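Me: I have a structure open and would like to learn how to read it, one feature at a time. Could you walk me through it?

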Amino acid sequence: MNIPYSRHTLDNGLDVLVHEDHGCPIVAVNLWYHVGSKNETPGRTGFAHLFEHLMFEGSQHYNKGYFQPLQEAGALLNGSTNADRTNYWEVVPTNALELALWMESDRMGYLLPALTDAKFENQREVVLNERRQNYENRPYGFAGMAMMAALYPPDHPYSWMTIGAAEDIRAARLDDVRAFFQTYYRPANASLALAGDVDTETAIELATRYFAELESGDTPPAVHATAPARYTAERRLVLEDRVELPRLYIVWHSPAIFAEDDAELDLVAEVLASGKTSRLYRSLVYDDRMATEIAASQNSRELSGYFQVVATAAPGRTLTQLARAIDDAVAHFIDEGPNPPEIERCQAQAEANFVYRLQTVGGFGGKSDQLNAYNVFIGDPGFFERDLDRYRRVTATSMQRTARDWLAPDRRVLLSLVPRGRPDLALAGSEPVAVS
Amino acid sequence: MSVDRARLPALGADPLLRFPEIRRHTLDNGLRVWTIEHAAVPLVSFLAMLSTGAAVDPPDRPGLAAITSDMLDEGCGDLDAMELHDALGRIGGHLDSEIGSDAIILTLSSLARYADRASALLADMVLRPRLDATDFHRVRQLRLNRLIQLRDLAPALADRAFARLLYGEHPYGHMPLGTEPSLQAVTLDEVARFHRMMFTPSRLVVIAAGDATHEALAAAVERAFGTWRPLAEAHHIDPTAWPLPPDPPDRLALLHRPGAAQSELRIGHVGAPRQTPDYHALVVLNIVLGGQFVSRINMNLREDKGYTYGARTSFDFRRAAGPFVLNASVQSEVTVDAVLEALDELQAIRGPRPVTAAELGAGRAALTRGYPRNFETAEQISRGAAQLALFDLPDDYFSTFVPKVLAVDEAAVTRVAEQYIDPSRLLTVIVGDREKVAPALPRLNLGAASELAPV
């Protein structure tokens with residue numbers, strides 16, 4: 001699958017990527033800043049995401065909110081923050097491309113003059129409500145926080161979630177915002193992808209017109225994170241929450257994004273728990289009915305990854321039974337590897353998933369977002385075909401080997417998430433953890 | 001050329017959008033087949049829509065339509081459940097099934113080179129589900145377990161309480177998933193009868209779209225569905241003939257969730273059916289009131305007050321009048337203040353603060369200029385086309401949308417606001433912590449709150 005593109009780097013260091021797709025009269029504008037919650041420090045967590053909110057509150061030359069002119073021009077727009085990057089995007093009709101570039105460049109260059117205490121305090125409340133809605137008030141909402149804290153040492157930037165700790169969000173100050181902007185929101189720390197119904201020359205000319213005047217600034221400091229020591233022993237935790245059915249999370253350290261073994265583990269997850277024919281669905285949900293749902297995933301990030309299996313116990317069944325069944329399935333996979341139909345299925349699915357992801361020019365996912373992901377993480381926006389090749393090259397032997405190397409039973413975290421007042425439903429020997 | 005930052009760049013003329021051609025056929029057995037060519041990526045999608053959904057559940061069997069549709073991919077034709085999903089996996093298939101009040105929709109996408117196989121598998125699922133007893137008991141148990149888990153999910157509790165209080169015994173008064181007693185009682189015979197009665201060619205439309213010609217897409221559907229001979233005559237179902245429910249006796253209801261960090265709000269009443277002649281005016285009203293980020297409701301509750309991560313309104317257009325609802329999750333301590341602000345906005349747009357020329361222009365422009373985005377992928381286009389089929393919309397519906405929206409003026413918006421939003425009839429449902437919420441409730445002047453039992 002070939003996604004032709006042009007790359008043009010402005011003098012200030014901003015990468016501009018252009019991909020033409022004339023199927024629909026829209027253009028996707030997608031801007032990545034190479035900063036996320038992994039650039040935060042303990043006691044200041046949640047800041048990169050809070051900052052993202054402020055990017056929608058107006059900038060020096062259009063200080064009436066970011067959404068109004070763009071929605072009026074027919075744009076769909078949003079942004080998101082994760083551990084590694086912050087992205088902002090607009091999907092606009094072709095005649096609003098220039099408007100979107102005006103707006104994006106104004107907030108990249110001139111955010112601070114428009115920043116006020118009132119905006120800051122308002123968005124801090126909004127973010128606290130986002131945290132309540134998506135984590136505190138949601139069943140199993142604290143599991144991710146407990147798991148990340150267990151998987152990484154407290155000074156490792158993956159040990160906290162991007163949403164951050166509520167007390168850290170409350171402690172954030174306007175001065176922190178200024179420093180953060182000046183450090184990270186720099187053209188040389190960003191990548192701009194334009195995909196859609198526009199010709200390359202025009203796209204580069206417009207991007208140059210709006211972004212070239214911005215100063216490049218200093219190089220952001222590197223992230224200091226020592227590779228987390230892999231567990232040498234199993235760790236068992238229990239967390240009580242407002243849920244009806246207990247759920248088991250099993251987590252291992254795993255390779256970083258695009259690193260060796262990353263694609264193999266993606267497919268191991270697929271064979272173990274994706275769809276009804278997967279091994280764990282079949283044994284735990286379909287045949288034995290001890291679980292109501294099962295999932296597995298290789299979550300690869302820039303510094304390192306984690307592989308997780310999640311299963312919810314059916315009423316009357318125990319997490320101990322789930323753990324044993326999952327252990328058996330993983331051990332069996334490590335012993336014998338995948339069979340030929342499994343290989344055929346998971347490779348067909350990998351190819352199809354790849355194509356499904358590239359149906360749109362933009363939004364969350366889509367071609368513009370993928371161009372930026374390749375550019376920011378490996379410096380090659382044209383990585384599409386080689387990315388797919390990573391999956392085509394996977395063999396039964398390589399899947400078996402990576403599962404053996406990474407999914408060892410004695411090097412993992414087991415989190416039992418149980419109904420309040422029922423710590424007895426956790427796996428034996430689990431130590432209580434508290435998250436809020 | 002230096003940048004003029006004194007003003008925003010002008011937009012220039014809106015781009016022309018060429019609407020995809022939909023070719024319509026009807027097979028001898030009465031099945032409608034629509035095809036759409038879309039060659040952007042090597043994928044095809046087949047969408048099968050049955051134009052009945054959870055609303056036709058028998059009164060004592062809420063959940064019957066949904067569990068029936070859930071059984072379709074549990075083995076069909078010559079394949080048991082595992083063999084079917086193995087076959088789907090080998091063609092890179094993505095199967096998605098949705099059940100709403102008015103429709104059941106199955107969408108199967110696959111790599112384009114497997115179009116024939118995908119169409120055949122979809123036909124097997126829709127026409128020849130095995131409905132095996134072992135699978136049925138497992139599927140039923142999973143749905144019962146899902147109901148148990150929803151007890152802790154505030155949005156699900158609020159949606160269900162709101163629908164029940166608003167619609168009562170009306171076919172829209174229950175959620176598609178159904179209830180515990182109903183799922184405990186439902187039998188495989190009932191599922192088989194439901195499938196036999198409801199899945200008839202005249203109720204089904206198959207929309208094939210993607211990287212293939214009209215002819216190839218139509219042939220793939222005809223080969224798979226053409227030999228279908230229905231076992232039952234379709235009896236006519238007309239949701240517009242269902243009498244609308246009376247207003248609920250209480251206007252305020254509280255479902256207690258001890259320790260909840262937020263209150264989940266639903267405020268609304270019965271709205272309008274999709275076929276209303278006021279459809280376009282209501283769409284414009286809603287986008288100004290609560291249909292996008294810069295709408296009045298969101299700008300007030302989120303951007304001004306910081307009470308919530310987001311608040312919105314919607315007219316849920318169905319074949320019969322669906323609900324109009326305002327929906328937000330707000331910090332517990334400010335629950336009553338948030339409800340007061342919301343009620344004030346719903347009142348204001350009817351007259352005290354009618355839509356302004358600027359709001360109208362911006363709202364209309366967001367709808368019309370954003371319209372091309374709905375035609376990017378084959379699946380988006382299929383879903384749009386399915387709406388035409390479900391609601392009997394005219395063939396030129398897509399091309400008349402923009403001019404009809406642009407024709408909506410301020411007077412029309414104010415008129416439909418007065419006609420379709422009635423503050424004296426609004427029902428407010430709060431799912432939250434009674435200790436934090438109840439003391440301030442009298443400030444709402446909505447009478448005593450009826451306390452809802454946890455489900």
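Me: Where is Asp392(B) found?

Reply: This is a predicted model, and in it Asp392(B) sits in the loop between α13 (378–390) and α14 (397–406) of chain B. Its phi is near 55 degrees, a positive value in a residue other than glycine.

Me: Is Asp392(B) buried or exposed?

Reply: Read the relative accessible area: over 50% means exposed. Asp392(B) has 60% relative accessibility, so it counts as exposed. Asn445(B) also has phi near 55 degrees. Asn445(B) belongs to the loop between α16 (434–437) and β14 (450–452) of chain B, and at 69% relative accessibility it counts as exposed.

Me: What about salt bridges? How should I read those?

Reply: Side chains of opposite charge can pair when their charged atoms come close. Over all chains, the structure holds 64 salt bridges. Arg434(B) lies in helix α16 of chain B and Glu451(B) in strand β14 of chain B, so the pair ties together parts that are 17 residues apart in sequence. Arg434(B) is partly exposed, with a relative accessible area of 30%, and Glu451(B) is partly exposed at 42%.

Me: Which residues are joined into one network by salt bridges that share partners?

Reply: Lys276(A), Asp73(B), Glu74(B), Asp135(B) and Arg138(B) form one such network. For a pair within chain B, look at Arg353(B) and Glu345(B), which meet in a salt bridge of 3.4 Å, N to O. Arg353(B) is partly exposed at 37% relative accessibility, whereas Glu345(B) is buried at 6%.

Me: How many salt bridges does the rule find across the interface of chain A and chain B?

Reply: The rule finds eight. One to locate on screen joins Arg113(B) to Glu351(A), with the closest N and O atoms 3.5 Å apart. Polar contacts are counted too: there are 40 residue pairs between chain A and chain B, both residues at pLDDT 80 or more. On the chain A side, several elements each supply at least two residues that touch chain B, including α3 (97–110), β9 (291–300) and α12 (340–357). The residues on that side divide into 36 nonpolar, 21 polar and 20 charged.

Me: How much area do chain A and chain B bury between them?

Reply: About 6700 Å², with 56% of it on carbon and sulfur atoms. The contact takes 77 residues from chain A and 75 residues from chain B.

Me: Now the interior. Why is helix α5 of chain A described as largely enclosed?

Reply: Count its buried residues, those under 20% relative accessible area. In α5 (residues 143–151) of chain A, eight of the nine residues are buried, so the helix is largely enclosed by the rest of the structure. Among the buried ones are Met145(A), Met147(A), Met148(A) and Leu151(A). The buried residues of α5(A) pack against α4, β7 (235–241), β8 (247–254), β10 (305–313) and β11 (413–419) of chain A.

Me: And which residues touch the most other members of the largest nonpolar core?

Reply: They are Leu14(A), Tyr33(A), Phe51(A), Leu101(A), Tyr185(A), Leu192(A) and Phe211(A), in a core of 89 residues. Leaving out residues up to four places away in sequence, Leu101(A) touches partners including Val29(A), Leu194(A), Leu206(A) and Tyr210(A). Another core lies apart from that one; it has 75 residues, among them Ile36(B), Leu47(B), Val334(B) and Tyr397(B).

Note on methods: Residues numbered from 1 in each chain as written. Chains lettered and ligands numbered in written order. Predicted model: local features only at pLDDT ≥ 70, side-chain atom pairs only at ≥ 80, totals over all residues. Heavy atoms only, no water. Contact = heavy atoms within 4.5 Å. Buried area = accessible area lost by both parts, 1.4 Å probe. Salt bridge = Lys/Arg side-chain N within 4 Å of Asp/Glu carboxyl O. Polar contact = N/O pair within 3.5 Å; in protein donor to acceptor, adjacent residues only side chain to side chain. Helix = DSSP H or I, 4+ residues; strand = E, 2+ residues; numbered from the N terminus. Nonpolar A, V, L, I, M, F, W, Y, C, P; charged D, E, K, R; others polar. Buried < 20%, exposed > 50% of the residue type's maximum accessible area, 1.4 Å probe, protein only. Core = buried A, V, L, I, M, F, W, Y, C linked by side-chain atoms within 4.5 Å.
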